[in-house]
Amino acid sequence: AVVSTQSTGDEDVHSATEQRTRLRQISRTLVEEAAIETAQDQEGENVTEEQWNPDEVYQRALTKVECEIQDQLLNSFLLSNTSADSEVDVHKFIEYLRLRGLSPLIDPRFRDFIKAVNSKPDGRYSYSNIRHLIPTSEFKSIVLSNPAVLSAIKGDFVVEDFQSLVSNTDEIFEECKAEKGGKVTTYIPSLALYSPDTWAMAICTVDGQMHDCGTSDDMVTMQSVTKPLFYGVCLDELGEKTVHSLVGKEPSGHGFNKITLGRGNIPHNPLINTGAITLSSLYKAGQPMSARFSAAMEKYQALVKGFPGGIHFNNTVYLSELGKGHRNYAIGYYLKSKGCLGEDVDLKETMELYFQMCSVETSVKTAALDFRALQTQARA
C-alpha cells in the first residue's frame with residue numbers, strides 16, 4: 001500500500017483520515033498474507049504440529065503489518081515535509097500537532113521530543129528555543145523513540161477531525177456566552193463574590209487533544225464537579241464491592257442535595273450529596289484529618305502531573321462552606337440517623353473532609369485534563 005500527504009494544513013486532516021481508511025481496508029489481507037508467511041517460517045524452523053500455535057502466528061503477523069503501516073505513514077509524512085536540503089521544518093511540525101489539538105510544549109508525553117529538538121537542552125522549553133530545521137534522518141530517529149509523536153503522525157485518534165470539534169465547541173461557547181440570565185450562587189457566601197461574566201469551556205479527548213475558550217485559566221473551586229474524582233479515589237482505595245455496599249449506582253430523580261435515600265436505604269449514587277458525604281466517612285477512616293485530605297489531594301494532583309496550572313486548595317471557600325453548609329450538615333445527621341454512617345464515624349470530621357474536597361481549586365482547562373486522565377485510567 002502506498003500512502004501520501006500533501007501538506008500540514010487543515011486539508012491534511014481529511015487526507016490522513018482517508019489514508020487510515022484505506023489501510024484498514026487492506027490490513028486484513030496483509031495480516032492473512034503475513035500469517036501464511038509466519039506459518040511457513042515456523043515450518044522452516046521444524047516446529048511440530050503440537051507446538052504450532054495459530055494465535056501466536058496471527059499475533060506475529062499483526063505486529064508485522066502494524067510495523068509496515070507505521071513505517072509507510074512515517075515515510076510518507078517525511079516525504080511530504082522534507083525540504084530539498086533533506087531537512088524537516090520542526091516549527092511547521094509543531095503547528096501540525098497544534099492543528100490536531102496537541103500541546104507539545106506543555107504535554108508531558110512530548111517532553112522527550114521537545115528536549116531532543118530544543119536548541120538549548122538545559123534551557124526552558126519554549127517555542128523560541130525550538131530548532132527550526134533538523135536533518136530528516138535525525139528527525140526520524142527522534143520520532144521513532146517517542147510514541148506520542150509517532151501516534152500523532154499516524155493520526156491514531158478517536159476524534160480524527162479535531163478542527164470540526166473545535167468549530168462546534170466555539171459555536172456553543174459563543175451561544176451560551178450571550179445568555180445573561182440566572183444569578184451567582186449565594187448559599188456559600190464566598191462564591192457570591194465570583195463575577196457573573198466569568199465563562200469558560202475546555203475539552204480534552206481521551207487522546208489528549210485539547211481546546212479551550214474564555215477564562216479557562218482562571219482558578220475556580222470544583223464544588224460538585226469534585227464528586228466523580230472523589231468517587232474514583234474511593235474506588236481505588238476501598239474497592240467497588242465496599243463502596244457499592246454502602247452507596248448505590250442508580251440516578252435519584254431528585255436534586256443533588258435532596259434529603260432522601262434509595263433502594264436498600266442507602267444513597268442513590270456517589271454523585272449527589274448523600275453519596276459523597278457517605279464516601280467521605282469511609283475514605284482513610286481512622287487516620288488523622290490531615291493525612292486523609294493529603295492522600296486525596298495527592299491522587300487528584302497525580303492525574304495532571306507534569307501539566308502547568310495544577311490543583312490547589314481554597315481555604316477561604318472551605319471556611320465559608322464550613323460556616324454556612326447547614327443543609328449539608330442536615331444531610332449528614334440524616335445519614336447518621338438512618339445508619340448509613342458507622343457508629344464510630346465522627347460526623348464533624350466527615351463533613352470537614354466533604355467540604356475540603358468541594359473546595360479543591362483548579363482551572364477549567366486543568367479540570368478537563370483531570371477527567372481525561374480519569375477516563376483513560378478507567379479504560380485501562
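Close-up 1. Lys284 is buried, at a relative accessible area of 18% (buried is under 20%, exposed over 50%, partly exposed in between, with a 1.4 Å probe and protein chains only). This is a predicted model, where local features need pLDDT of at least 70, side-chain atom pairs count only at pLDDT 80 or more, and totals for chains, interfaces and linings use all residues. Residues are numbered from 1 along each chain as its sequence is written, and side-chain values use heavy atoms, leaving out hydrogens and water. Lys284 pairs up with Glu237 in a salt bridge, with 3.2 Å between the closest N and O atoms (that is, a side-chain nitrogen of Lys or Arg within 4 Å of a carboxyl oxygen of Asp or Glu). Lys284 sits in the loop between helix 10 (273-282) and helix 11 (289-303), and Glu237 in helix 8 (residues 226-238), so the bridge ties together parts 47 residues apart in sequence. Glu237 is partly exposed, at 34%.

**Close-up 2. Asp217 meets Lys365.** Here the salt bridge spans 3.2 Å, N to O. Asp217 comes from the loop between strand 4 and strand 5 (219-221) and Lys365 from helix 15, so parts 148 residues apart in sequence get tied together (helices, H or I of at least four residues, and strands, E of at least two, are DSSP runs numbered from the N terminus). Asp217 is exposed, with a relative accessible area of 54%.

**Close-up 3. Asp212 joins in.** Asp212 also forms a salt bridge with Lys365, the closest N and O atoms being 3.8 Å apart. Asp212 is partly exposed, at 29%. Put together, Asp212, Asp217 and Lys365 make a salt-bridge network.
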